[in-house]
Amino acid sequence: MTPGPAPGPEDAADDLHAVAPQLRDLRRRAGLTLEAAAARARLSPAHLSRLETGRRQPSLPLLLALARTYGTTVSELLGETPAVADPIVRAGGPGAREADGWTYWQAGGSGRGMQALRVHVPPGRSQGELVRVHPGEEWLYVLGGRLRLHLGETEHLLEPGDSAHFDSLTPHRITAAASGGADLLFVHTLLQSSLAGLCLGGGAATTHHR
């Protein structure tokens, strides 16, 4: 079979032009004014208005910023239909990822409103030095080792079998309290943030979670 012509610059431009009405619809669905959405995405209202009316084409970094602002994905911004998510995550599936000394294994499906991970927290200094505050909820269950959880001004020492469920707006910090580190199951809500990227290999910041 003879292959068709490869997509050219005109096709890419058409795809980006089609994003304009989608940007406007997603902003309205999020209940944000043009000014509020622009502030969250660190744009000027005039720039965002030009994107929504198709007078300016968004770059990939802009699409990422707007997807995070509206709590969605770049695929949805582009109007792509997501594949049906597989509810099963098999053993030996996605491999380990490391970020700032912590090791993560995906324990839940992608594209969901919450993220489930199996995590190894190493001993010593690492991400545990950072205090985090962000919207959402978190739940963790200690599988092995000992875990030190700081919630606000209170410190909790968790043993295997212990769990914690808390509001992420409470300043929190997690460190291993055993020489071999600690292993845990961890679930958090994503909401309108870039948590997934930060959890699975992005940089950490003092105002965001892993």
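Trainee: Which residues make the nonpolar surface patch of about 240 Å²?

Mentor: Please keep in mind throughout that this is a predicted model. The patch is made by Val131, Val133 and Leu169. Of these, Leu169 sits in the loop between β7 (163–167) and β8 (172–176), and because its relative accessibility is 53%, Leu169 counts as exposed.

Trainee: How many helices and strands does the protein have, and what share of its residues count as buried?

Mentor: There are seven helices and nine strands, and 34% of the 210 residues count as buried. The accessible surface comes to about 11900 Å², with 53% of that area belonging to carbon and sulfur atoms. If we take the contacts with a separation of 6 or more, residues 24 or more positions apart account for 63% of them.

Trainee: How should I read the packing of two helices, and at what angle do α2 and α4 pack?

Mentor: The general idea is to look at the angle between the two axes, where values of 65 to 115 degrees count as roughly perpendicular and those over 145 as roughly antiparallel. Helix α2 (residues 19–29) packs with α4 at an angle of about 120°, and their axes are 7 Å apart, so the two helices are described as oblique to each other. On the α2 side the contacts involve Ala20, Pro21, Leu23, Arg24 and Arg27, which meet Leu48, Leu51 and Glu52 in α4.

Trainee: How many salt bridges does the structure hold, and which residue pairs with Glu52?

Mentor: The idea here is to look for a side-chain nitrogen of Lys or Arg within 4 Å of a carboxyl oxygen of Asp or Glu. The structure holds three salt bridges, and in one of them Glu52 pairs with Arg27, with the closest N and O atoms 2.6 Å apart. Since Glu52 belongs to helix α4 and Arg27 to helix α2, this pair ties together parts that are 25 residues apart in sequence. Both Glu52 and Arg27 are buried.

Trainee: Where do Arg146 and Glu159 lie?

Mentor: Arg146 and Glu159 form a salt bridge whose closest N and O atoms are 3.1 Å apart. Arg146 is in the loop between β4 (137–145) and β5, while Glu159 is in the loop between β6 (154–158) and β7, so the pair ties together parts that are 13 residues apart in sequence. Arg146 is partly exposed, with a relative accessible area of 33%, and Glu159, at 32% relative accessibility, also counts as partly exposed. A further salt bridge joins the side chains of Arg148 and Glu155, at 2.9 Å from N to O; Arg148 is partly exposed at 26% relative accessibility, as is Glu155 at 47%.

Trainee: Is His150 buried or exposed?

Mentor: A residue counts as buried when its relative accessible area is under 20%. His150 has a relative accessibility of 15%, so His150 counts as buried. This residue is found in strand β5 (residues 147–151), and, leaving aside neighbours within four places in sequence, His150 is in contact with Glu155, Pro171, His172 and Arg173.

Trainee: What is the phi value of Arg42?

Mentor: Phi of Arg42 is near 60°, which is a positive value in a residue other than glycine. Arg42 is found in the loop between α3 (34–40) and α4 (45–52), and, at 79% relative accessibility, Arg42 counts as exposed.

Key:
Residues are numbered from 1 along each chain as its sequence is written. This is a predicted model: local features need pLDDT of at least 70, side-chain atom pairs count only at pLDDT 80 or more; totals for chains, interfaces and linings use all residues. Side-chain values use heavy atoms; hydrogens and water are left out. Patches are made of residues with over 30% relative accessible area and no salt bridge: like charges are joined within 9 Å, nonpolar side chains (Val, Leu, Ile, Met, Phe, Trp, Tyr) within 5 Å. Accessible areas come from the Shrake-Rupley method with a 1.4 Å probe; for residues, only the protein chains shown count as cover. Helices (H or I, at least four residues) and strands (E, at least two) are DSSP runs, numbered from the N terminus. Buried means under 20% relative accessible area, exposed over 50%, partly exposed in between (1.4 Å probe, protein chains only). Contact means heavy atoms within 4.5 Å. Axes are lines fitted to C-alpha atoms, for helices over the stretch in contact, and angles run from 0 to 180 degrees between N-to-C directions. Angles under 35 degrees count as roughly parallel, over 145 as roughly antiparallel, 65 to 115 as roughly perpendicular and the rest as oblique.
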